[in-house]
Amino acid sequence: MQVPEVETYRELGEAAWSWVQGQLRDEDGPWLPEHVTGEPVTPSDDRDSLYAGIGGLAPTMAEIAQYRELEPAELSLQRAILDRLSRQAGTRLEPSLYDGLAGDVTALRMLAPGSEGVALRRLLELMTEAGWESTYELEPGVRQPMNDLVMGNAGVVLAGVWAGGADGESIAGTGCDALLRGAERTPAGLNWRMVPNSPDSGPNYSHGTAGVASALAVAGTVLHRPELVDAAIEGAQHLLHIASLADDGLIIPHTIPPSRREVEPVTYTWCHGPTGTSHLFVALERAGVGEVAGHPVGELRRRCFNSILGSGLPQRLRPGFWDNDGRCCGTAGVGDALLDAAQDSADPAWAETLLDSACTMGDALVERVVRDDDGARWRFIEYRQEEPLLPPGTAWMQGAAGIAAFLLRLSRVLEGGLRMPVVDRPDEWWAVPADVRTVHTA
């Protein structure tokens, strides 16, 4: 890889981060508009979240700190986020990884290891036998625990395991017990819906069985509870029963039964496709599982990436196929998982293929960027709208902060090789070798 390409990715990542910093506002602490439209906005309810708020700036700063010292303004922002999240965590009600306390655990530990205790203690206070009640009403007046990784018990479990210690393990154990009770028996194994008894299921990583089973496999290994790993195996069996394994790949429908809201019945993303679902098979491998339904788990992980590499992304092959460049639903999320798999691969040729594909994701981001004197950002597409170009997003999962972190990591790996440190997070740390993991920001 030529040095100029490395510098292109790094410079673009820094320009995106500069634009994000330019959007910061202050009202009882820092906050960001999730999207920048030019219209007046006020802080949203999820202003502190990992998904769309200031919590999501912590992993970006953690990535920046891997290759340069944080500047005075960044250190000041770090302290301000730490102060805001620490104050809010003591009374917060939402428990989830991407919009609540488990996300606070993540951000606080990245900003100042040891400071996450306030959020862990609050999770313990809110804990019940059913896990944690969501603050979101799926129908008027009805709140209940959810199962999934983004909004439910599985994400809280992963944050508890990642944080460790007696509090983290207590949280993880109780959450796993709730997940076992929330399982649905199927002809091939176990299924988890986002909410028990929901009429539909999103079986992949963010809201369904792949994410829940990953949490159980990871927690079962750390907590020395083999029954959790057994449940994860049964989850994988169910997924293989509904998957297509054609063409040496592995794809699972976006939604079962198919949703009329979705343009594509199959997608390839972190949230609803093989990018995220690949994490289940490496979690099982780390748990000592050799195969599922006659398929070696390493082969199943590779099949996920075969499907990604053969799909045609990040090309926008048709309206609705690949209109997002973010972490959750698009190009940056795929690129980050490709880097994980490349850094974890014992096969040099396969690692090179994965790394080249990560560069393809980086090149697409270079091509699609919007640049001006304020910095860099990206506009995703919703072709069904009269104005298909969406306003640029600022945040970790759907905006420039998350894209910047991928580009900066890509430049580090290209420059320094596949042994470069990986900033780990609760929902992916097991995807890379233990000796390259780091959680420190500075």
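**Glu63 in its setting**

Modeller: Residues 24 or more positions apart supply 65% of the protein chain's contacts with a separation of 6 or more, a contact being heavy atoms within 4.5 Å. This is a predicted model, where local features need pLDDT of at least 70, side-chain atom pairs count only at pLDDT 80 or more, and totals for chains, interfaces and linings use all residues. Residues are numbered from 1 along each chain as its sequence is written, and side-chain values use heavy atoms, leaving out hydrogens and water.

Now the part itself. Glu63 sits in helix H2, residues 57-64. Helices are DSSP runs of H or I with at least four residues, strands are E runs of at least two, and both are numbered from the N terminus. The protein chain has 14 helices and ten strands.

Glu63 counts as buried because its relative accessibility is 4%. Buried means under 20% relative accessible area, exposed over 50%, and partly exposed in between, with a 1.4 Å probe and protein chains only. Of the 442 residues in the protein chain, 57% are buried.

What does Glu63 touch, leaving aside residues up to four places away in sequence? The list is Ala405, Leu408, Arg409, Arg412 and Val423. With Arg412, the side chain of Glu63 makes a polar contact of 2.6 Å. A polar contact is a pair of N or O atoms within 3.5 Å; within protein, one must be able to donate a hydrogen and the other to accept it, and residues adjacent in sequence count only if both atoms are side-chain atoms.
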